[in-house]
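Here is a short report on side-chain contacts, charged pairs and the nonpolar core. Please keep the model open while reading.

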Amino acid sequence: MTTDLWEYRPGSHQAAELGLAGYEVEATDGPLGRVEQDAGDHLLVDAEPWVPGSRVLVLVALVARIDHLELVVHLDCPRARVSSAPPPAAVDVLGHRPG
């Protein structure tokens, strides 16, 4: 089974009509930051608590689950793995993925 990194895993985002901007993001080893933009296939996260002045691109395939009551996106990986994702500049402001 292959996983598309630009799509949520089945069951990880049951309320897909809800945007995630403003939600906290938690990696397996602690807080990563807050969602600035939910583009549908990726999240732009302000990672200020982890890396001062930094924004990171989180591919939605890394989302393990979303807690809509607590407003938290839980990832299934440590923060270091997110640092290997494409830089935010790899995705244009309209949310198009790299070709």
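## Arg79 and its surroundings

A polar atom of the Arg79 side chain lies 3.2 Å from the backbone oxygen of Pro31. That is a polar contact (a pair of N or O atoms within 3.5 Å; within protein, one must be able to donate a hydrogen and the other to accept it, and residues adjacent in sequence count only if both atoms are side-chain atoms). The model is predicted: local features need pLDDT of at least 70, side-chain atom pairs count only at pLDDT 80 or more, and totals for chains, interfaces and linings use all residues. Residues are numbered from 1 along each chain as its sequence is written, and side-chain values use heavy atoms, leaving out hydrogens and water.

Arg79 belongs to helix α1, residues 79-82. Helices (H or I, at least four residues) and strands (E, at least two) are DSSP runs, numbered from the N terminus. With a relative accessible area of 19%, Arg79 is buried. The classes are buried (under 20% relative accessible area), exposed (over 50%) and partly exposed (in between), with a 1.4 Å probe and protein chains only. Setting aside neighbours within four places in sequence, Arg79 is in contact (heavy atoms within 4.5 Å) with Ala27, Asp29, Gly30, Pro31, Leu32 and Trp50.

## Salt bridges

How many salt bridges are there? The count is three. The rule asks for a side-chain nitrogen of Lys or Arg within 4 Å of a carboxyl oxygen of Asp or Glu.

One joins Arg79 to Asp29, with the closest N and O atoms 3.5 Å apart. Arg79 sits in helix α1 and Asp29 in the loop between β1 and β2, so this pair ties together parts 50 residues apart in sequence. Asp29 is partly exposed, at 39% relative accessible area. Another pairs Arg55 with Glu36; their closest N and O atoms are 3.0 Å apart. This pair links distant parts of the chain: Arg55 is in strand β4, Glu36 is in strand β2, and 19 residues separate them. Arg55 is partly exposed at 46% relative accessibility. Glu36 is partly exposed too, with a relative accessible area of 39%.

Glu24 and Arg34 also form a salt bridge, with the closest N and O atoms 2.5 Å apart. Glu24 lies in strand β1 (residues 24-27) and Arg34 in strand β2, ten residues apart. Glu24 counts as partly exposed at 28% relative accessibility. Arg34 is partly exposed at 43%.

## The nonpolar core

A nonpolar core is a set of buried Ala, Val, Leu, Ile, Met, Phe, Trp, Tyr and Cys residues joined through side-chain atoms within 4.5 Å. The largest one here has 18 residues. Leu43, Val58, Val73 and Leu75 have the most contacts inside it. At least two residues of this core come from each of β2 (30-38), β3 (42-46), β4 (55-59), β5 (63-67) and β6 (72-75).

Which residues does Val73 contact, beyond its neighbours within four places in sequence? They are Leu20, Tyr23, Glu24, Val25, Glu26, Val35, Leu43, Val63, Arg65 and Ile66.

Leu75 lies in strand β6. Leu75 counts as buried because its relative accessibility is 5%. Leaving out residues up to four places away in sequence, Leu75 touches Val25, Glu26, Ala27, Thr28, Leu32, Val58, Leu62, Val63, Ala64 and Val82. Take Glu26: this residue is 49 residues from Leu75 in sequence, yet 6.1 Å away in space, C-alpha to C-alpha.
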